[in-house]
Amino acid sequence: MDSSRLFQSLTLLTVIFLLGLAFSGSAFAQADYEHQPSQHVFSVAGRFGIGGMVNSVNYGAGPSAEYWFTEHVGAMCTLGVTGDFKATTLRGQYLFNSLVLMSSVAMRPYLGIGYAHVEADRNHRGINFEAEEDGFEGYAGIMHNATWLHENLFVRGEIGLSAYDMALPDDDLSNFTVNIGVSLLF
């Protein structure tokens with residue numbers, strides 16, 4: 001691993017760690033979801049989910065699958081197509097107890113870190129370029145159980161940062177992402 005990639009990975013881990021400290025502190029008015037009224041509590045432990053993610057920065061979408069081993073620890077796999085880029089990610093997630101209340105809608109914050117494999121096949125000025133890159137990604141987001149639509153429906157919004165760079169002409173793949181996801185947890 002070269003020094004620039006090591007620096008990017010360490011920077012990514014530091015940002016995720018600092019975000020975790022912010023989520024776990026007293027930054028939220030409502031702490032510890034277990035003491036909240038029942039309409040605000042949702043549990044994910046032992047649940048498997050299928051759904052989809054939309055990347056609003058790189059303009060892509062794809063299916064996702066996740067499993068929550070405990071109330072806090074889960075794993076997610078996503079496949080995404082962003083123009084001529086294809087990405088496969090596998091990540092771990094940590095869901096915090098703190099609730100974020102926005103207009104009486106309860107959401108739980110989470111952090112995720114994972115590994116991504118990105119492929120690109122681009123034609124530029126009559127020359128075909130192919131590239132593959134692997135790297136780490138980190139996410140911070142909020143998750144909401146949309147029981148008003150369906151008891152198993154979960155909606156999430158997240159921001160992410162990746163530590164890989166595609167060496168292609170007119171490279172328009174951003175390392176900063178904003179994702180919106182929907183999943184059914186059973």
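**Figure 1. E66 and R156 meet in a salt bridge.** In this predicted model, the side chains of E66 and R156 come together at 2.8 Å, N to O. E66 sits in strand β2, residues 60–68, and R156 sits in strand β8, residues 153–162. The pair therefore ties together parts of the chain that are 90 residues apart in sequence. Are these two residues buried or exposed? E66 is buried, with a relative accessible area of 2%. R156 is buried too, at 4%. Both values fall under the 20% cut-off for a buried residue. Side chains of opposite charge can pair when their charged atoms come close.

**Figure 2. E71 forms a salt bridge with R108.** The closest N and O atoms of this pair are 2.6 Å apart. E71 lies in the loop between β2 and β3. R108 belongs to strand β6, residues 105–124.

**Figure 3. E158 and R91 pair through their side chains.** How many salt bridges does the structure hold? There are three. In the one shown here, the N to O distance is 3.1 Å. E158 lies in strand β8, while R91 lies in strand β4, residues 85–95. So the pair ties together parts that are 67 residues apart in sequence. Both E158 and R91 are buried.

**Figure 4. Eight residues make up the largest nonpolar core.** Its members are F42, V44, W68, L95, Y110, M143, F154 and L185. A second, separate core has five residues, including F85, A116, V118 and A120. In soluble globular proteins, nonpolar side chains tend to be buried together.

**Figure 5. A nonpolar patch lies on the surface.** Which residues form the patch? They are F48, I50, Y67, F69, V73, Y94, L184 and F186. Together they have about 750 Å² of accessible area. F48 lies in strand β1. F48 is partly exposed, with a relative accessible area of 41%.

**Figure 6. N55 is buried in strand β1.** The strand covers residues 48–55. Why does N55 count as buried? Its relative accessibility is 13%, and buried means under 20%. The side chain of N55 reaches the backbone nitrogen of V57 at 2.9 Å. Now set aside the neighbours within four places in sequence. N55 is then in contact with G60, T177, V178 and N179.

**Figure 7. V182 sits in strand β9.** This strand covers residues 176–185. V182 is partly exposed, with a relative accessible area of 41%. Where does V182 stand relative to V54? The two are 128 residues apart in sequence, with 9.0 Å between their C-alpha atoms. Not counting residues up to four places away in sequence, V182 touches I50, G51, G52, L153 and F154.

**Figure 8. F136 and A163 are 5.4 Å apart in space, C-alpha to C-alpha.** In sequence, 27 residues separate them. F136 has its place in strand β7, residues 127–145. F136 is partly exposed, with a relative accessible area of 34%.

Figure 9. From the N terminus on, the elements run α-β-β-β-β-β-β-β-β-β. Of the 186 residues, 42% count as buried. The accessible surface comes to about 9,800 Å², and 64% of that belongs to carbon and sulfur atoms. Consider contacts between residues at least 6 apart in sequence. Of these contacts, 57% join residues at least 24 apart.

Note on methods. Residues numbered from 1 in each chain as written. Predicted model: local features only at pLDDT ≥ 70, side-chain atom pairs only at ≥ 80, totals over all residues. Heavy atoms only, no water. Helix = DSSP H or I, 4+ residues; strand = E, 2+ residues; numbered from the N terminus. Buried < 20%, exposed > 50% of the residue type's maximum accessible area, 1.4 Å probe, protein only. Core = buried A, V, L, I, M, F, W, Y, C linked by side-chain atoms within 4.5 Å. Polar contact = N/O pair within 3.5 Å; in protein donor to acceptor, adjacent residues only side chain to side chain. Contact = heavy atoms within 4.5 Å. Patch = residues over 30% accessible without salt bridge, like charges linked within 9 Å, V, L, I, M, F, W, Y side chains within 5 Å. Areas by Shrake-Rupley, 256 points an atom, 1.4 Å probe, with all protein chains shown as cover. Salt bridge = Lys/Arg side-chain N within 4 Å of Asp/Glu carboxyl O.
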